[in-house]
Amino acid sequence: MEVLEIPAEPEETTTKRRGLRPEWILAIIAAAAALLLGAVLLMSRSYFPEKKPVLSEEDPEILLHQQQAEEDLAWPPLEQYLEPTVPETEPENPTIPPERNPYDQFDFQYNRHNYLKLQNLTSYAGVDVSAFQGKIDWKKVKQSGIDFAIIRLGYRGYESGKLVEDEYAKTNLKNAKAAGLRIGAYFFSQALNIRETDQEIQFMLKILGNTQLDMPIVLDWEIPASTARTRNMDAGTLTDIQRHFCGQMRDQGYQPMIYFNWYQSEHLYVLHDLEEYPFWLALYQDRMTYPWKVEMWQYTDKGKVPGIHGNVDLNVYMPD
């Protein structure tokens, strides 16, 4: 039988049929996996919360937040309501009391958005924010039923006395206003005298620039720690500082307001000397038991608002 010989294929054809080398296949798979992982991370980026900004250790407001988180002793529990203190004896230098508070614990109720407001009378729900809240989605805040925002412009270091602009001040002013919110501003003061108050005023005005405010501007003066430069302040000096601040800001066309808690109002201010300006009370409970008239009430520092990560201060504003 005749044996047929099958001719050999050309060398280049044989090479083509061998296919890709294994190391090339592995490299292609690895590259595809890397691209897929990158796409997944990019698509899921919006689902991760914004990282908190790097905050200065000298920021007095951050110190207060840390203290309240570690031990919630600065304010009574929700069910423990403060009542006016009645001295057993007449003080040596009695002062004329300020105007009585027209509202009581039954005048405020939570609305459908779970924000505290006056019943049957005009009032507005609001937040006050700083770099502590990080990046804020102001459109969501507005849609949630919030009417206004008081935005921190900066602070004075509680030990060094250095003036620092809030990292998010200008962004918050711009975006909150663009979202349709009424905006105000505050500065966390550690001023010891009128000269330092003037420094803080000029610092605030520089940050504000041409920004128009339709809510109050506030010098938030507090003693954040036993090491703070403000720890030995007296009521007469602090009252003069606030009166000077309010007068200067009123002359600039702003609406000034004075912020305090219950203790400060009894021990660090002569309220009667400041009555020509509206008061903003920090009292963390949902019943109004403070005896004197206030125009704004900060009733919690643990509020939850869509568009803001974590806790935020909630307020109710009751203008005349």
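Buried means under 20% relative accessible area, exposed means over 50%, and partly exposed is in between, with a 1.4 Å probe and protein chains only. By that definition arginine 243 is partly exposed, because its relative accessible area is 32%. I will come back to that residue.

First, the ground rules. This is a predicted model, in which local features need pLDDT of at least 70 and side-chain atom pairs count only at pLDDT 80 or more, while totals for chains, interfaces and linings use all residues. Residues are numbered from 1 along each chain as its sequence is written, and side-chain values use heavy atoms, with hydrogens and water left out.

Now the overall picture. The chain has eight helices and eleven strands; these are DSSP runs numbered from the N terminus, H or I of at least four residues for helices and E of at least two for strands. Of its 320 residues, 44% count as buried. Contact here means heavy atoms within 4.5 Å. Among contacts between residues at least 6 apart in sequence, 66% join residues at least 24 apart.

Let me start with strand 10, residues 296-303. Strand 10 is largely enclosed by the rest of the structure, because seven of its eight residues are buried. Which strands does it pair with? Pairing requires that DSSP finds at least two bridges between two strands. Strand 9, residues 279-282, runs parallel to strand 10 and is joined to it by three bridges. Strand 11, residues 312-317, runs antiparallel to strand 10, with five bridges between them. Glutamine 298 takes part on both sides: it is the bridge partner of alanine 282, and it stands opposite asparagine 315 in strand 11.

Next, salt bridges, meaning a side-chain nitrogen of Lys or Arg within 4 Å of a carboxyl oxygen of Asp or Glu. The count comes to ten. One of them is between glutamate 200 and arginine 156, at 2.7 Å from N to O. That pair links distant parts of the chain, with glutamate 200 in helix 6 (residues 194-208) and arginine 156 in strand 4 (residues 148-156), 44 residues apart. Both residues are buried.

Back to arginine 243. Its salt bridge is with aspartate 240, with the closest N and O atoms 2.7 Å apart. Both lie in helix 7, residues 235-251, three residues apart, or about one turn of the helix. Aspartate 240 counts as partly exposed because its relative accessibility is 37%.

Lysine 302 and aspartate 301 meet through their side chains in a salt bridge of 3.2 Å, N to O. Are these two buried or exposed? Lysine 302 counts as partly exposed, at 40% relative accessibility, whereas aspartate 301, at 9%, counts as buried. Finally for this section, Asp59, Arg152 and Asp166 are linked in a network of salt bridges.

On to the nonpolar cores. A nonpolar core is a set of buried Ala, Val, Leu, Ile, Met, Phe, Trp, Tyr and Cys residues joined through side-chain atoms within 4.5 Å. The largest one has 62 residues, and those touching the most other members are Phe108, Val127, Trp138, Ile146, Ile217, Tyr290 and Val305. Helix 6 supplies the largest share of this core, six residues. Apart from it lies another core, of twelve residues, among them Met215, Val218, Trp280 and Met296. As for tryptophan 138, its contacts beyond four places in sequence include Val127, Val129, Ala149 and Leu181.

Helix 6 also packs with helix 7. Their axes come within 10 Å and cross at roughly 35°, the axes being lines fitted to C-alpha atoms over the stretch in contact, with angles from 0 to 180 degrees between N-to-C directions. The residues in contact include Ile194, Ile201 and Leu205 of helix 6, and Asp240, Phe245 and Met249 of helix 7.

Last, two loop residues. Most residues other than glycine have a negative phi. Asparagine 114, not a glycine, has a positive phi of about 70°. It sits in the loop between strand 1 (108-110) and strand 2 (116-118) and is exposed, at 52% relative accessible area. Asparagine 120 likewise has a positive phi, about 60°. Its loop runs between strand 2 and strand 3 (124-129), and asparagine 120 is exposed, with a relative accessible area of 79%.
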